[in-house]
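Please keep the sequence and the model in view while reading.

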Amino acid sequence: MNAVFYIAAAVAVVSTVMVVTRANAVYALMYLIVSLLSVALIFFVLGAPFIAALEVIIYAGAIMVLFVFTIMMLNLGPKAVHQESQWLSGRMWIGPSILVAVLIGEMLYVLWGGEHPVEGRHIVEPREVSLALFGPYIMIVELSSMLLLGGLVAAYHLGRRVRGDVKEPKS
Amino acid sequence: MSGILWHLANVAGVLGVLLTLAGALIMVERRLLALWQDRYGPNRVGPFGLLQVAADMIKIFTKEDWIPPFSDKPVFIIAPCIIMGTVLMSFAVIPFAPAVGVADLDIGLLFFLGMSSLGVYSVALAGWSSNNKYALLGGLRATAQMLSYEVFMALSLMGVVMLAGSFNLRTIVNAQQHMWFCIPQFLGLVVFTVAGIAETHRVPFDLPEAESELVAGFHSEYSGMKFGMFFVGEYLAITLISALIVTLFFGGWQGPILPPLVWFALKTAVLICGFVLLRASLPRLRYDQLMSFGWKIMLPVALLNLLITGAIVVARH
């Protein structure tokens with residue numbers, strides 16, 4: 001299982017780098033999907049099959065589809081690719097590189113003294129996740145559901161057609 | 001050692017049966033459609049026209065596999081592979097009989113939902129990479145349709161999960177020993193069947209490939225075996241949805257006298273014929289009707305089912 005973890009982690013890192021460096025938005029999104037799938041595999045190996053399934057269903061299967069959908073609607077051509085590749089060159093790499101270097105340093109420090117990430121795992125079943133969510137964390141669940149409802153109502157308000165503005169199709 | 005061999009035999013058997021079945025279903029569908037529309041259907045090649053499938057296969061394999069020069073080549077090639085891959089992967093968690101089945105996952109149902117949501121990329125990317133207006137419109141329609149119908153597809157299954165107390169498909173089948181879930185979860189069954197037809201984009205939900213307005217929708221530019229993969233993927237998806245309905249609502253392999261595998265195959269076959277009958281008898285919906293039907297009727301029904309089932313489960317404890 002250790003090998004599975006390291007391979008999945010390597011795929012995640014490589015595909016995430018590809019997300020940043022691709023000039024074509026659809027390719028970048030496809031790499032991001034691969035990255036999310038490998039993170040799901042890492043969750044699975046670490047003993048959280050439920051979270052792994054949610055990662056695939058929600059992130060890779062729903063949120064990223066919406067991103068792809070939007071990019072498809074915009075239907076960007078070669079011009080956008082050219083523009084994007086101009087943005088990627090030169091000095092804009094300096095800031096992110098420093099920040100990433102700090103994170104790598106921290107991670108190395110933690111790994112130095114900490115436990116091995118894969119060993120000593122304990123499998124978390126869907127039952128345990130839901131007992132935790134609807135037990136001690138019930139307030140957070142309720143608050144986030146209120147937030148989602150608020151977002152939904154706002155989206156409906158923004159997307160609503162004003163009467164007499166455009167003729168609505170009969171359904 | 002024999003455990004590994006049995007496992008490999010399982011994998012090979014399931015794959016072999018499914019791919020043969022996908023070919024055979026083309027024939028079954030054409031003959032059944034002909035029967036219900038009061039005509040003969042293909043009956044010239046071989047006995048009862050059975051060799052028509054072989055002829056079609058030879059034709060589709062030897063056809064020129066044209067990739068349009070204006071398309072996005074790598075994405076164009078990957079798109080049909082995604083649908084085949086995700087549908088075949090979903091079959092891994094289906095329990096065909098007590099000892100037959102590829103994987104026994106505790107999150108089996110979630111695995112299926114994940115795979116079906118990844119299947120959306122196939123049509124979306126096919127539509128986008130073809131670089132053709134009709135294909136793009138078909139891809140957009142397919143994506144919006146599958147995204148919307150996935151929402152209550154998952155919700156309609158949660159009633160079954162509540163009653164069985166598990167996402168494991170084997171546990172769900174075993175929980176139906178006394179009563180099939182089609183009775184207490186009738187609303188769930190209806191919602192899941194509708195969502196399943198929409199996920200496989202069959203008539204009456206075949207808007208993404210409506211030939212009267214969009215040529216062939218997202219697969220307009222596909223030819224040869226790449227088109228064949230979309231086609232086979234659709235038949236496999238029908239089989240998958242039928243097998244899942246059997247597993248979740250009709251007691252899976254359970255039944256008297258006959259061996260479990262035979263029961264499973266029989267039930268699935270009846271449901272597949274039902275799918276074909278739907279295609280033979282229903283007209284295509286309009287796109288806005290399809291969307292408002294999904295969000296304004298099916299979603300509330302799925303939520304209502306969830307609420308009632310939850311209340312009953314809590315009351316019984």
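In this predicted model, helix 5 of chain B, residues 120–129, is a mostly covered element, with 10 of its 10 residues buried. The buried positions in helix 5 of chain B include B:Val120, B:Tyr121, B:Leu125 and B:Trp128; B:Ser122, B:Gly127 and B:Ser129 are also among them. What do the buried residues of helix 5 of chain B pack against? On the side of chain A, the partners are helix 2 (25–45) and helix 3 (49–74). From chain B come helix 3 (73–90), helix 4 (108–118), helix 6 (133–164) and helix 10. Just after helix 5 of chain B, B:Asn131 adopts a positive phi of about 55°.

The surroundings of B:Leu248 can be listed, leaving aside neighbours within four places in sequence: B:Leu248 is in contact with B:Leu109, B:Leu157, B:Val160, B:Leu169, B:Ile172, B:Gln176 and B:Phe181.

Another residue of helix 10 of chain B is B:Lys226. Is B:Lys226 buried or exposed? B:Lys226 counts as buried because its relative accessibility is 10%, which falls under the 20% limit for that class. Apart from neighbours within four places in sequence, the contacts of B:Lys226 are B:Asp65, B:Ile67, B:Phe76, B:Ile77 and B:Pro80.

The salt bridges come next. Over all chains, the structure holds three of them. In one, the side chains of B:Glu29 and B:Arg279 meet at 3.2 Å, N to O. This pair links distant parts of the chain, with B:Glu29 in helix 1 and B:Arg279 in helix 11 of chain B, 250 residues apart. B:Glu29 is buried, with a relative accessible area of 2%, whereas B:Arg279 is partly exposed at 37%.

In another salt bridge, B:Asp56 pairs with B:Arg30, and their closest N and O atoms are 3.4 Å apart. Here B:Asp56 belongs to helix 2 and B:Arg30 to helix 1 of chain B, and the two are 26 residues apart. B:Asp56 counts as partly exposed at 24% relative accessibility, and B:Arg30 counts as partly exposed at 36%.

B:Arg170 and B:Asp104 also form a salt bridge through their side chains, at 3.9 Å, N to O. B:Arg170 lies in helix 7 (residues 169–174) of chain B and B:Asp104 in the loop between helix 3 and helix 4 of chain B, so the pair ties together parts that are 66 residues apart in sequence. B:Arg170 is buried, with a relative accessible area of 16%, while B:Asp104 counts as exposed at 51%.

A search of the whole structure finds zero disulfides over all chains. B:Cys81 counts as partly exposed at 40% relative accessibility, and B:Cys273 counts as partly exposed at 29%.

Two loops of chain B contain residues with a positive phi. B:Asp38, a residue other than glycine, has a phi near 65° and is placed in the loop between helix 1 (2–36) and helix 2 (52–62) of chain B. At 73% relative accessibility, B:Asp38 counts as exposed. B:Ile257 is not a glycine either, and its phi is about 60°. The place of B:Ile257 is the loop between helix 10 and helix 11 (260–281) of chain B, and B:Ile257 counts as exposed at 87% relative accessibility.

Chain A remains to be described. Chain A has seven helices and zero strands. Of its 171 residues, 23% count as buried. Chain A exposes about 12,500 Å², of which carbon and sulfur atoms supply 72%. Among contacts in chain A with a separation of 6 or more, residues 24 or more positions apart account for 65%.

On the surface, A:Leu133, A:Phe134, A:Tyr137, A:Ile138, A:Met139, A:Ile140 and A:Leu143 form a nonpolar patch with about 730 Å² of accessible area together. Which helix gives the most to the nonpolar patch? Helix 7 (residues 138–159) of chain A does, with four residues. A:Leu133 belongs to helix 6 (residues 126–133) of chain A and counts as partly exposed at 37% relative accessibility. A:Leu147, in helix 7 of chain A, counts as exposed at 66% relative accessibility. A:Leu147 and A:Trp112 are 35 residues apart in sequence, and their C-alpha atoms are 40 Å apart in space.

Methods
Residues numbered from 1 in each chain as written. Chains lettered and ligands numbered in written order. Predicted model: local features only at pLDDT ≥ 70, side-chain atom pairs only at ≥ 80, totals over all residues. Heavy atoms only, no water. Disulfide = S-S within 2.5 Å. Buried < 20%, exposed > 50% of the residue type's maximum accessible area, 1.4 Å probe, protein only. Patch = residues over 30% accessible without salt bridge, like charges linked within 9 Å, V, L, I, M, F, W, Y side chains within 5 Å. Areas by Shrake-Rupley, 256 points an atom, 1.4 Å probe, with all protein chains shown as cover. Salt bridge = Lys/Arg side-chain N within 4 Å of Asp/Glu carboxyl O. Contact = heavy atoms within 4.5 Å.
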